[in-house]
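Let's take a walk through a protein together.

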Amino acid sequence: MSKITTELLLERAVPRSTRLRKIETLNLSKLQLKTGDLDPRLFSRLRHLQKLDLSDNLLDKFPNSLTLPDLRVLNCNNNKLEDVTALKQFPLLEELTYENNVYLTLNDDYKVMFLLQNLRLLNGKDITKLANHVRRVNSRKLTSKVTAHWEKFFRDQLPEKHTAEQVKSIKKKFLKSVQTNVVYGPSSLSEFTRWRVKMIAEELLACSLGLDLNTDPEPEEKVDDSEEESTESPREDAEDVDQVTVTPSKRKRNHSKQGSGNKRSKTQAHTEEEAVVNPRSAEPLHFLQCHSKGNSREDFKTQLWSCVFEPLLDCGARKDAVVSSSRTVATCGGESVCLIDCETGMVLKKYKVATEEFFSVAWTTLTMVISDSRKKSHNILAAAGRRGIVKLIHVAADFCYGEIKAHKKPIATLCFSPTRETHLFTASYDKRIALWDIGIPDCDYNFKASQLLVLEGLSIPLRIALVPTCPDHYLLAGCEDGCFAWSIKLDKEQKSRPFEAIFQFPDEDGAVTTSHRVDGLAFLNDDAIVSKSSKPGCIYLWSWSRSFDTKAKGCQRTVSAVILAELEWSPTDLSYLTLSTCPAKDYVFCGDEKGSVWMYNLSNYTTAWSSAKGKRSDRRIPPTQILKWPELRENGDQLSEVLVNNVVSDPTFTYLVVLTSVNITAIWKKS
C-alpha cells in the first residue's frame with residue numbers, strides 16, 4: 001500500500017489545505033518514500049502545485065506521468081536517483097536541487113540543463129549562461145558533426161527506393177557508428193555527448209527517411225562562433241586556482257660558470273643545443289597553481305609528485321586510441337588531490353586532507369551494483385602519501401568512501417593491476433610492497449579490503465612496474481639501493497616473499513653494480529624497460545626477457561641487465577626526478593633540475609631491439625627535443641630553481657603534464 005494518501009498530502013501542504021487542487025507548496029521530505037509511492041493518479045490532482053520537497057527519501061527515479069503542469073521548484077536532495085531524464089515532464093521548472101544523490105554526475109547536470117528550458121538555478125547556483133551554451137552552442141556543433149557523419153558515410157548507402165528492412169538496417173548501423181565516432185568536449189561529459197548525439201541522430205533520420213517527428217524545431221539562436229565549450233559545473237564552487245602568467249620572451253640561456261657538480265661534456269652541450277632548435281612538437285597550454293596550502297597565492301614551495309590520466313568509461317567499440325583517451329588528469333602534492341581538464345585548464349574537483357602529504361595517485365574502474373541488481377562501471381581514484389593510508393574516492397559521486405591503513409610508514413607509490421580491477425599494490429618506506437584486494441563497494445559504500453601479499457625488500461621502493469606480458473606473475477621495483485624483481489603469483493602459499501632477482505648495471509667507472517638508487521622505472525613496450533639512475537647523465541633502456549632469462553639459466557639472484565641503449569640526459573646528481581613512457585608512440589619523457597623536459601622518440605629503434613639478437617646501440621641516444629621551462633612571473637618576480645619531479649603524457653601523447661617543485665602544474669599540448 002502506498003505511503004501517500006489524500007489525507008497525508010493535505011496535512012503536509014504548506015499551509016495545510018482542504019483541497020488538493022489548492023495546494024501550491026508541498027513538503028514530503030523524510031518519509032522514506034520509494035518511487036512506487038509516487039502515485040500518478042493522486043499527483044495528477046495537484047494541478048496548481050508550484051513547490052515540491054522530496055528530499056531525504058529513497059527515490060531512485062521519477063515516474064514518467066506525475067502530471068504537475070505548474071511545478072516551478074523541486075528539491076530531491078539526499079535520495080538515490082540514478083537518472084534525471086524523467087524531469088522533462090516538468091517544463092516550467094525554474095529551480096532544481098538534487099545534491100547528495102551519489103549516482104548522479106556532471107553528465108546529468110548537462111542533461112537537465114538541456115531538457116528544462118526554463119531552469120535558472122541548479123543545486124543553488126545560477127546556470128543561465130551555461131545552460132544557454134548547452135542548449136545552443138553545444139547542440140549546434142553536435143548537429144553539425146552528426147550531419148557530416150551521415151553525409152560522409154551513410155547517405156549514399158540508402159537506395160532511392162528503399163524497403164522498411166533497409167531503413168531499419170541503415171538506422172541501426174548509423175546510430176551505433178555516430179555514437180562511437182562523434183566526440184566533442186571533455187571526456188568527463190562523454191555520457192552526455194553520446195546521449196545528445198543519439199537524440200540528434202534520431203531526429204536527422206526521421207527527417208532524412210521521411211518520418212514524422214510531430215515536433216516543431218526550435219529556432220536557432222545566433223551565437224558567436226568564437227565561444228568555446230564551457231565545462232563549468234554548477235555542482236561546485238569555483239576553486240581558488242591561480243594561473244601563472246607566462247611572458248612571451250624565451251628563457252635566457254644560463255651562462256654561469258659550470259660547477260664541479262654540474263659538468264657537461266661537449267657532446268652533451270652540443271646535443272642539448274641541437275634538441276632545442278628542433279621544431280616544437282608541444283606548446284605550453286596552462287600553468288596552474290592548484291595545490292597551494294590553504295589556497296595561498298604565495299605558496300611556491302609545495303612539491304607536486306604524481307599524476308595519472310583518468311581512464312575513459314564506456315568507450316564501447318572505439319578502437320581509435322585518440323577517441324578513447326581521456327583529457328582529465330589526477331594530480332597530487334601537499335594536502336590535496338586535483339582533477340584537471342587538460343584542454344581548458346579547469347580544476348574539476350579538489351580533495352583535501354589537512355594532515356596529509358600526498359605522494360601518489362592511481363585509477364581503477366570498478367563494476368558496482370547500484371540498485372535492483374543492476375551493474376554500472378565507475379572510476380575509482382586511490383591516493384596515498386605520508387600517513388601510510390590509502391584514500392578511495394568515487395570521483396563521479398564526489399565521495400571519499402573509504403580508507404585502508406596500509407602501512408605504518410609513508411607510501412611512496414601506488415599501482416593497480418591491469419588485469420584484476422580490485423588489486424592494488426602499495427610501496428612503502430617500511431621497505432615492503434603490499435598487494436591488497438580493495439573489494440567492490442555495495443550501494444551503501446560498504447566494502448572489505450584484504451591483504452593478499454607482502455613483498456620484502458632491502459631498501460625503500462620508489463617506483464614499481466608490472467611486467468606487461470605477465471602482470472599477474474612479476475613485479476619490478478626501483479628502490480633506494482637497486483632494482484629488484486618479485487614473483488607475485490597468488491597460487492603460491494607463501495604470503496611474505498623475498499625478492500627473486502636484483503639487477504646489475506654499469507657504474508661510472510665502467511664496472512657493474514647493484515647498489516644504486518633507481519628513481520625512475522617504466523616499460524616502453526612489452527619487453528623494453530627504461531630506468532635511471534646508476535650513473536649521472538644517463539638513462540638505461542634494457543630488456544626484461546633477456547635479463548631475466550639469464551637468471552632462469554643460472555638460478556642466481558644477481559643478474560646483469562641486458563642493456564639495449566643509453567639515453568643522454570642531464571648530468572645532475574639530484575634524485576627523485578622520475579621518468580615516464582608513452583608506449584603507443586614509443587616516447588620516453590624525463591624532467592630535469594632546470595624545469596626542462598627531455599623527450600625521446602624511439603620509434604626508429606624499437607624494431608631492432610625486439611629481435612632476439614637485437615644489438616645494443618653503440619652511442620648514447622640524444623633527446624629528440626627538450627622543452628625549455630618558460631619565463632614565469634608572479635607579482636613581477638621570476639620563478640627560479642624549478643625542478644621537474646614528474647612528467648606524464650596521456651596514452652596518445654596529446655597532452656603532457658609536468659609537475660614541479662614550485663607548486664606549478666604545467667600542461668603542454670602536442671602541436
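**A guided tour**

Searching the whole structure turns up two cavities of 30 Å³ or more. Here a cavity is a set of points, on a 1 Å grid over the protein atoms alone, where a 1.4 Å probe fits but cannot get out. The largest cavity holds about 60 Å³ of space, where a volume is the space filled by probe spheres set on the points, and points are joined across faces, edges and corners. Its lining residues (those with an atom within 4 Å of a point) are Ser417, Arg420, His423, Phe425, Leu435, Pro471, Asp472, Ile488 and Leu490.

Some ground rules before we move on. This is a predicted model, in which local features need pLDDT of at least 70 and side-chain atom pairs count only at pLDDT 80 or more, while totals for chains, interfaces and linings use all residues. Residues are numbered from 1 along each chain as its sequence is written, and side-chain values use heavy atoms, with hydrogens and water left out.

Now go to helix α3, residues 106–115. Helices (H or I, at least four residues) and strands (E, at least two) are DSSP runs, numbered from the N terminus. In α3, 10 of the 10 residues are buried, so the helix is largely enclosed by the rest of the structure. Buried means under 20% relative accessible area, with exposed being over 50% and partly exposed in between (1.4 Å probe, protein chains only). The buried residues include Tyr110, Met113 and Phe114, but also Asn107, Asp108 and Lys111.

The largest one has 49 residues, and Leu52, Phe62, Leu74 and Leu96 touch the most other members. Two or more residues each come from α1 (6–12), α2 (40–43), α3, α4 (128–153) and α6 (190–208), and the largest share, six residues, is from α3. In soluble globular proteins, nonpolar side chains tend to be buried together. Zoom in on Phe62: leaving aside neighbours within four places in sequence, Phe62 is in contact (heavy atoms within 4.5 Å) with Leu38, Leu54, Leu74, Cys76, Leu81, Ala86, Leu87 and Gln89.

Time for some sheets. Strands of a sheet pair through backbone hydrogen bonds, either parallel or antiparallel. Two strands count as paired if DSSP finds at least two bridges between them. β1 pairs with β2 (residues 51–53) in the parallel sense over three bridges, and Asn27 stands opposite Asp53 in β2.

Another open sheet has five strands, ordered β18-β19-β20-β21-β25, again with mixed pairing. Its edges are β18 (411–416) and β25 (496–497), each with a single partner strand, so one side of each has no neighbour in the sheet. Within this sheet, β20 (residues 432–437) and β21 (residues 450–456) run antiparallel, joined by six bridges. Look for Trp436, whose bridge partner in β21 is Gln451.

Next, find strand β34, residues 587–591. Is it enclosed or open? Five of its five residues are buried, so β34 is largely enclosed by the rest of the structure. Tyr587, Phe589 and Gly591 cover one side, with Val588 and Cys590 on the other. β34 runs antiparallel to β33 (residues 579–582), with four bridges joining them, and Leu579 stands opposite Cys590. The two strands form a hairpin with four residues between them, where Asp586 in the turn has a positive phi of about 60°. β34 also pairs with β35 (residues 597–601), in the antiparallel sense over five bridges. That hairpin has five residues between the strands, and Gly595 takes a positive phi near 85°.

Our last stop is Ser543 in strand β30 (residues 538–543). Ser543 counts as buried because its relative accessibility is 0%. A polar atom of the Ser543 side chain lies 3.1 Å from the backbone nitrogen of Arg546. Not counting residues up to four places away in sequence, Ser543 touches Asp527, Val562 and Leu564.

Conventions
A nonpolar core is a set of buried Ala, Val, Leu, Ile, Met, Phe, Trp, Tyr and Cys residues joined through side-chain atoms within 4.5 Å. On a 1 Å grid over the protein atoms alone, a cavity is a set of points where a 1.4 Å probe fits but cannot get out, and a pocket is an open set with protein on both sides within 12 Å along at least five of seven lines; lining residues have an atom within 4 Å of a point. A polar contact is a pair of N or O atoms within 3.5 Å; within protein, one must be able to donate a hydrogen and the other to accept it, and residues adjacent in sequence count only if both atoms are side-chain atoms.
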